[in-house]
Amino acid sequence: MKVLHFYRTYYPDTFGGVEQVIRQMAVGTARLGVENEVLTLTREPGHPLIEFEGHKVHRAHLNFEIASTGFSWSALSRFVELAAQADVVHYHFPWPFMDIAHFLGRIKKPSVVTYHSDIVRQKYLLKLYAPLKHQFLRDVDRIVATSPNYLATSPTLELYKDKTEVITYGLDKNIYPVPAPDLLAHWRQKVGEKFFLFVGMLRYYKGLHILLEAAAGTDIPIVIVGDGPEEIELKRQAESLNLKNVHFLGALPEPDKVALLTLCYALAFPSHLRSEAFGISLLEGAMFGKPMISSEIGTGTTYINVAGQTGLVVPPSDPAAFRQAMEYLLDHPQEAAQMGQCAQQRYAELFTADKMASNYARLYQQVIDQHRHR
C-alpha cells in the first residue's frame, strides 16, 4: 500500500507539531507495510527529493504566501503525478492551496483528511474560503478528528460527523535520541533542574505572553525552546517585565530538546486559542512523565492533560491562575511527581505511535475497499 501525504511544510525545513505527527505516521505505518511519501513546499533551492527515516520527501518550490498559505505552481503538477502512483492520498488540513490542488488535479483516489485544526485567526478570509473548504471536505472519503474534545466542539466537524472518526496523535519514544550524560550535565549547569519548560513554535496562539506575565514578580525558572514570528515581541515583553528567570533558547537540535524534557520539573503550555488543536509538545511532556499545566480551550490539550490527574488546567488568558498553578506544583513535589506518573501511564494507554499507526493502516484499507466496491 502506498500513501501520499500532502502538507505545506515538513522536515527538515520546519519542526512543528503537524510535521512531527506526519513523521510518526510515516515511521509507524511503515512497520505495517505502508510505503509513505510526503509532498511539501520549501524555500530552499535544490534537493527536490530527500529520504527521511525510510520515506521519501518531495519538495516543491514555494512561490509566495498569502495569509500563511503557501502556493507553488510546480507542486500542482508534482501532486497529480504522485497522487496517480498512490493508493491513498492523505491530506493534512488546514491548507487552502491543498483544496485547490485537489480539484485542479481532479483527484479521484481514496482520500483521508486529518483535520488538525479549525481556522481561527483569518475570519474574513475564511468567509471567502468557506465554499471551497466545504466542497473539499464533502469530496474526500474520510475525515479524522484528533481528539474527541475537538470533534465535540468544532462547528465544521459537526457538519461531517457521518464520515468523521477520532484517531488521536501518537508518539514513539524509541525514535527520540537518548541524551548523552555530558549534554544533560551541560543543560543542568546552564538552567538548573527545577524549571518549567515550554517547547514549540512561538506563534500567536501559544499564549507565551500569558506565561511571561505569570512569571513576573516571581523567581520561578522558565525555559522556552523554539522560535517563530512572536519571538521578537516576546523578548521585548520579557525585557519590559525585567524577567531574569526566563531563558529563551531558540530552536534546538532534537538531542538538546530531549535533554531539557528529561531535566524539567513540569511542562508549561499556556496556549489560549483553538488554533492549538492538540499540543504535540504537551504529549511529549506526558511521554517523559512530567506534570503539565495547560488551559481549557475545548481542544485536545485537555484530552492529554486531565485536570487533577496528569497536571493542572487553568482558564485561558489568566496569568494569575497560571502563576498559582506553577507555585502549587512547586509547593507539592510529591503530588507533582504522581501527576507525572499518571501522565506517562495515560500516554502509554492512549497515545503511542503504534496505536495511531494501526488505526490509520486500518482506515487506509477501508477507503481503498470502499472505492473497489464502487
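Why are Glu 233 and Arg 236 separated by about one helical turn? Because they sit three residues apart in helix α9, residues 231–240. I'll come back to that pair.

First, the ground rules. This is a predicted model, so local features need pLDDT of at least 70, side-chain atom pairs count only at pLDDT 80 or more, and totals for chains, interfaces and linings use all residues. Residues are numbered from 1 along each chain as its sequence is written, and side-chain values use heavy atoms, with hydrogens and water left out.

Now, salt bridges. The criterion is a side-chain nitrogen of Lys or Arg within 4 Å of a carboxyl oxygen of Asp or Glu. By this rule there are 19 salt bridges. Helices and strands here are DSSP runs, numbered from the N terminus: H or I over at least four residues for helices, E over at least two for strands. For exposure, buried means under 20% relative accessible area, exposed means over 50%, and partly exposed is in between, with a 1.4 Å probe and protein chains only.

Glu 233 and Arg 236 meet through their side chains in a salt bridge, 3.4 Å from N to O. Glu 233 is partly exposed at 46%. Arg 236 is exposed at 55%.

Next, helix α15, residues 353–373. Asp 369 and Arg 372 are three residues apart there, so about one helical turn separates them. Their side chains form a salt bridge at 3.5 Å, N to O. Asp 369 is partly exposed, with 28% relative accessibility. Arg 372 is exposed, at 62%. There is also a network: salt bridges with shared partners join Arg 23, Glu 53, Glu 254, Lys 257 and Glu 284.

One further pair. Glu 158 bridges to Lys 161, with the closest N and O atoms 3.3 Å apart. Glu 158 is partly exposed at 43%. Lys 161 is partly exposed too, at 47%.

Everything runs on a 1 Å grid over the protein atoms alone. A cavity is a set of points where a 1.4 Å probe fits but cannot get out. A pocket is an open set with protein on both sides within 12 Å along at least five of seven lines. Lining residues have an atom within 4 Å of a point. Grid points are joined across faces, edges and corners, and a volume is the space filled by probe spheres set on the points.

How many cavities of 30 Å³ or more come out? One. The largest cavity holds about 30 Å³. Its lining is Lys 2, Val 3, Leu 4, Glu 37, Leu 82, Gln 85 and Ala 86. Two elements give two or more residues to that lining: β1 (2–6) and α2 (73–85). β1 gives the largest share, three residues. By class, the lining has four nonpolar, one polar and two charged residues. The classes: Ala, Val, Leu, Ile, Met, Phe, Trp, Tyr, Cys and Pro are nonpolar, Asp, Glu, Lys and Arg are charged, and the others, Gly among them, are polar.

The second largest pocket has a volume of about 180 Å³. Among its lining residues are Phe 93, Tyr 115, Asp 118, Lys 133 and Arg 274. α4 (123–139) and α6 (155–158) are the elements that give two or more residues to this lining. Its classes come to six nonpolar, one polar and three charged.

Now the buried residues. Val 88 lies in strand β7, residues 88–93. Val 88 is buried at 0%. Ile 224 lies in strand β12, residues 222–225, and is buried at 1%. In helix α3, residues 96–104, the buried residues include Phe 97, Met 98 and His 102. Arg 106 follows α3, with a positive phi near 50°.

Last, the surface. Phe 64, Ile 66 and Trp 73 form a nonpolar patch with about 320 Å² of accessible area together. Patch members have over 30% relative accessible area and no salt bridge; like charges are joined within 9 Å, and nonpolar side chains (Val, Leu, Ile, Met, Phe, Trp, Tyr) within 5 Å. Areas come from the Shrake-Rupley method with a 1.4 Å probe, and for residues only the protein chains shown count as cover. Ile 66 belongs to strand β5, residues 64–66, and is partly exposed at 47%.
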